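Here is a quick tour for anyone opening this one up for the first time. Have a look at the picture, then read on for the helices, the sheet and the ligand.

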Amino acid sequence: MNKIELHLHLEGAAPPGLVRALAAEKHADLSRIFDARGHYAYDGFDDFLRVYEAATSVLQTPRDYARLLRDVLERSAEQGVIYTELFVSPEFCGGGDLAAWRDYLAAMIEVADQMRAHGIDSRGIVTCIRHFGPDRAKASALCAAETAGNWITGFGMGGAEAVGKATDYRWSFDCAREAGLGLTCHAGEWGGPDSIRQALDLGVTRLGHGVRAIEDDALVRDLVARGTVLEVCPGSNVALGLYPGWSLHPIARLADAGVKVTVSTDDPPFFYTTMRHEYDRLADAFGWGEDDFAQINRWAVEAAFCDTPTRDRLR
Ligand code: ADE
Ligand code: ZN
């Protein structure tokens, strides 16, 4: 089945083998972030962020990012993904400097263009990182606004949801909106309904995760009325301990309530997941079949940050 993925962190999709190879080339010792089998090793969400940032530290040049993007898109294509949106951060690609960001972006766009010919289309969502604070987010938003175009089509925020309020980042979201970018924000993963309301107040059309809306019936009704699309990553939520098992994940209850849910992998090697694995586990847990998956992919196409000809092609 052809799949649409809306929520994939480029650095978080880095295969451990590639990160180890880059570390060896750069004489960096990253042994502390791997377990005995060579997988990423972390204990809980805060530690996950630490390991994620350590792995990212060996991605140091536009060429490294090009290599990473090619690897990630090849793996996604093998999963039947025909369109994917990737979170990329100028804060990791040149430290928020616009000239450096342009170099990283040019290298990534070259790969994205080549991979389109191999059956997978992609777009980049510039993401700021909440625990890096509003000032660094502004630098990212300015990079996003300056490079908004055919490939950079969205702006979002990830990182530690417990830090500050989403509305502390309003300037950045306004800047991105004025540049014509689509908006999404991680919320309702480690924060509850109030955190989701703050993200909605930024004017986003999509939420990264958003699943904890299930804790507030009025909020669920509001999401339905607004038509907000959730980028749900059930395997990520289960791996990070947000829900104790797939059958207890709220995705099916949200869908039954009329919320537009989509399915993505977030950071696949960290969570031992793939798009096929997500679909298989959802089929096992909730009896979802072809019609259910076709529906979530229709919602994903509707919510994608792409132009109309691309949307028509994906339909
Ligand atoms: N960055 C990468 N994965 C993330 C997640 N699950 N939540 C917040 N920020 C992230
Ligand atoms: Zn995410």
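Predicted model: local features only at pLDDT ≥ 70, side-chain atom pairs only at ≥ 80, totals over all residues.

Let's start with helix α4, which spans residues 98–116, and helix α5, which spans residues 134–147: they pack at an angle of about 55 degrees, and their axes lie 10 Å apart. That angle is why α4 counts as oblique to α5. The crossing of α4 past α5 is right-handed.

Who does the touching? On the α4 side, the contact uses Leu98, Trp101, Arg102 and Leu105, and on the α5 side Leu142, Cys143, Glu146 and Thr147. Sort the residues of this α4 and α5 contact by class and you get 5 nonpolar, 1 polar and 2 charged.

## Helix α3 joins in

The axes of α3 and α4 come within 8 Å, crossing at roughly 30 degrees. With an angle like that, α3 is therefore roughly parallel to α4. Here, too, the crossing is described as right-handed, with α3 passing α4.

The list of partners includes Pro62, Tyr65, Leu69 and Leu73 from α3, and Tyr104, Met108, Val111 and Met115 from α4. Arg63 and Arg70 of α3 take part as well, and so do Asp103 and Glu110 of α4. By class, the contact of α3 with α4 comes to 12 nonpolar, no polar and 4 charged residues.

## Helix α5 beside helix α6

How do α5 and α6 sit relative to each other? Their axes cross at roughly 0 degrees and come within 9 Å, so α5 and α6 are roughly parallel to each other.

From α5, the residues that meet α6 are Ala137, Lys138, Ser140, Ala141, Leu142, Ala144 and Ala145, while α6 brings Trp171, Ser172, Cys175 and Ala176. This contact of α5 with α6 splits into 8 nonpolar, 2 polar and 1 charged.

Next, the strands. Eight is the number to remember: an open sheet of 8 strands runs in the order β1-β2-β3-β4-β5-β6-β7-β8, with parallel pairing. At the edges are β1 (3–9) and β8 (260–263), each pairing on one side only. Ignoring direction, neighbouring strands of this sheet are turned by 25 degrees against each other on average.

For one pair up close, take β6 (residues 206–209) and β7 (residues 229–232): they run parallel and are joined by 3 bridges. Arg206, for instance, has Val229 in β7 as its bridge partner.

Helices pack against the strands too. Helix α12 (residues 290–303) packs on the sheet and touches β1, β6, β7 and β8, and its direction makes about 95 degrees with that of β8. Helix α6 (residues 170–178) lies across β3 (121–129), β4 (152–158) and β5 (182–187), and runs at about 150 degrees to β5.

## Around the ligand

Which residues are around ligand 1? They are His9, Gly12, Gly158, Gly159, His186, Glu189, Ser236, Asp266 and Asp267. By class, this shell has 6 polar and 3 charged residues, and no nonpolar ones.

Methods. Residues numbered from 1 in each chain as written. Chains lettered and ligands numbered in written order. Near = placed C-beta within 6 Å. Nonpolar A, V, L, I, M, F, W, Y, C, P; charged D, E, K, R; others polar. Axes fitted to C-alpha atoms, helices over the stretch in contact; angles between N-to-C directions. Helix = DSSP H or I, 4+ residues; strand = E, 2+ residues; numbered from the N terminus. Parallel < 35°, antiparallel > 145°, perpendicular 65-115°, else oblique. Left-handed = near helix turned anticlockwise from the far one by under 90°. Contact = placed C-beta atoms within 7 Å. Pairing = 2+ DSSP bridges.
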